[in-house]
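This report describes selected residues of one protein model and the contacts they make. Please consult the sequence and the structure shown below while reading.

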Amino acid sequence: MSNLSGYINKKVLIITADSRTLVGNLLSCDQTTNLVLGQTVERVIRSADDAELSTEVPLGLYLIRGDNVCVVGLVDEPLDESINWEEVKGSAIGGIKHT
């Protein structure tokens, strides 16, 4: 994975190997892509046929092992704050399979 030091103290979105979506402030990272996030929330997006609302689960300080990281991206904060995440619907990304 490329150098993430430019993302330190910025809001990032992480997609993990088990298809979880985590959003938080990147506090630290190392050469094996272990990540420390602050003010972390997990976004649980429900499918269109699910009557339950999508949710954001607060996790706080969170450590993600590097071998579980699939994608790291910067969050466009004004756009992110303008979205009502309870109304968002979507389909599952699906996890990865190690062979």
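## Residues and contacts in the model

D49 is found in the loop between β3 and β4 (55-64); strands are DSSP runs of E of at least two residues, helices are runs of H or I of at least four residues, and both are numbered from the N terminus. The model is a predicted one, in which local features need pLDDT of at least 70 and side-chain atom pairs count only at pLDDT 80 or more, while totals for chains, interfaces and linings use all residues. Residues are numbered from 1 along each chain as its sequence is written, and side-chain values use heavy atoms, with hydrogens and water left out.

With a relative accessible area of 72%, D49 is exposed. Here, exposed means over 50% relative accessible area, buried means under 20%, and partly exposed lies in between (1.4 Å probe, protein chains only). The side chain of D49 makes a polar contact with the side chain of S47 at 2.5 Å. A polar contact is a pair of N or O atoms within 3.5 Å; within protein, one must be able to donate a hydrogen and the other to accept it, and residues adjacent in sequence count only if both atoms are side-chain atoms. D49 and R20 are 29 residues apart along the chain, and their C-alpha atoms are separated by 20 Å.

**Salt bridges.** The whole structure holds six salt bridges, each defined as a side-chain nitrogen of Lys or Arg within 4 Å of a carboxyl oxygen of Asp or Glu.

| Residues | Distance, N to O |
|---|---|
| E52 and R46 | 3.2 Å |
| R65 and D67 | 2.9 Å |

Why does the pair of R20 and E42 tie together parts that are 22 residues apart in sequence? R20 lies in the loop between β1 (11-16) and β2 (21-29), whereas E42 lies in strand β3, so the pair joins these parts. R20 is partly exposed because its relative accessibility is 24%, and E42 is buried, with a relative accessible area of 15%. In the second pair, E52 is partly exposed at 45%. In the third, both R65 and D67 are exposed.

Salt bridges also link K11, R43, E56 and D80 in a network.

**T40 in strand β3.** T40 belongs to strand β3 (residues 35-44). Is T40 buried or exposed? T40 counts as buried because its relative accessibility is 1%. The side chain of T40 reaches two backbone oxygens: that of L37 at 3.4 Å and that of G60 at 2.9 Å. Leaving aside residues up to four places away in sequence, T40 touches several residues, among them L22, V57 and Y62; contact means heavy atoms within 4.5 Å.

**The nonpolar core.** The largest nonpolar core has 10 residues: L4, V12, I14, L22, L26, L35, L37, I64, V69 and V72. Such a core is a set of buried Ala, Val, Leu, Ile, Met, Phe, Trp, Tyr and Cys residues joined through side-chain atoms within 4.5 Å. The elements giving two or more residues to this core are β1, β2, β3 and β5 (69-74).
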